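Good morning, and thank you for coming. I would ask you to look at the chain on the screen while I go through its strands and its core.

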Amino acid sequence: MSLSVQYPYHFNISNESLIMNPLKTLTVFLLIAVSFLASCAPKPDIEIEDPWLRLMPEGVSSTAGFMSIKNNTGAPIVLEDVSLDWANHAMMHESKVVDGMAKMEHLDELVIDNELVFQPGAKHIMIMGVKEPLVEGKSYNIRLHFKDREPIEVAFKVRQAK
Ligand SMILES: [Cu+2]
């Protein structure tokens, strides 16, 4: 009696969850089991984060694609090429400022140790000769070709550059 008066909260919780409500206890154990299994599930070898395409003004037939590529394999992977069906050309580029002039360099292949970021003003997927105007919010596929691996098809969503 004195225990329940001194520690009513503790007493009630243990009483309810372990004795009065075995279902609740079971649920807690199941949640722990599920989260344990989820944390053990193997990560995909390659993860693509936030793939997007820059929405261009009307009449402009070139654009650029951006994303992050995460390499979870523990060994370097090589991105050799990119391809698509909805434009004439896609290639890997890097924007640079050389002697005060903005330039774009073609990249033949990229070695990815842990993560490779394509972002405005830096590495990007250059897309030229877009066959039909891109629609904001719609997704367009680009294939990523890796050395000694199956290509990955990634859906890039069109949005305004911020
Ligand atoms: Cu470019």
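Tyr-140 stands opposite Phe-156, a residue of strand 10. The model before us is predicted: local features require a pLDDT of at least 70, side-chain atom pairs count only at pLDDT 80 or more, and totals for chains, interfaces and linings use all residues. Residues are numbered from 1 along each chain as its sequence is written.

Strand 9 and strand 10 run antiparallel and are joined by six bridges. Two strands are said to pair if DSSP finds at least two bridges between them. The two form a hairpin with five residues between them, and Asp-148 in that turn has a positive phi of about 60°. Strand 10 (residues 152-159) also pairs with strand 1 (residues 46-54), here in the parallel sense, over three bridges. Arg-54 stands opposite Arg-159 of strand 10.

Let me now turn to the whole chain. It holds three helices and ten strands, where helices (H or I, at least four residues) and strands (E, at least two) are DSSP runs numbered from the N terminus. Along the sequence the pattern is α-α-α-β-β-β-β-β-β-β-β-β-β. Among contacts with a separation of 6 or more, 63% join residues 24 or more positions apart; a contact requires C-beta atoms, placed from the backbone, within 7 Å.

How many of the 162 residues count as buried? The share is 15%. Buried means that 20 or more other C-beta atoms lie within 10 Å of the residue's own, exposed means 12 or fewer, and partly exposed lies in between, with C-beta atoms placed from the backbone.

The largest nonpolar core has 20 residues, and those touching the most other members include Val-82, Ala-90, Ile-125 and Ile-142. Such a core is a set of buried Ala, Val, Leu, Ile, Met, Phe, Trp, Tyr and Cys residues joined through C-beta atoms within 7 Å. Elements giving two or more residues to this core include strand 2 (63-71), strand 4 (87-98) and strand 8 (123-130). Strand 9 gives the most, with four residues. Beyond its neighbours within four places in sequence, Ile-125 is in contact with residues including Ala-64, Val-82, Phe-118 and Ile-142.

Finally, consider strand 5. Zero of the six residues of strand 5 (residues 101-106) are buried, so this strand lies largely in the open. Strand 5 pairs with strand 4 in the antiparallel sense over six bridges, and Glu-94 stands opposite Glu-105 of strand 5. These two strands form a hairpin with two residues between them, where Asp-99 in the turn has a positive phi of about 50°.

Notes: Two residues are in contact if their C-beta atoms, placed from the backbone, lie within 7 Å.
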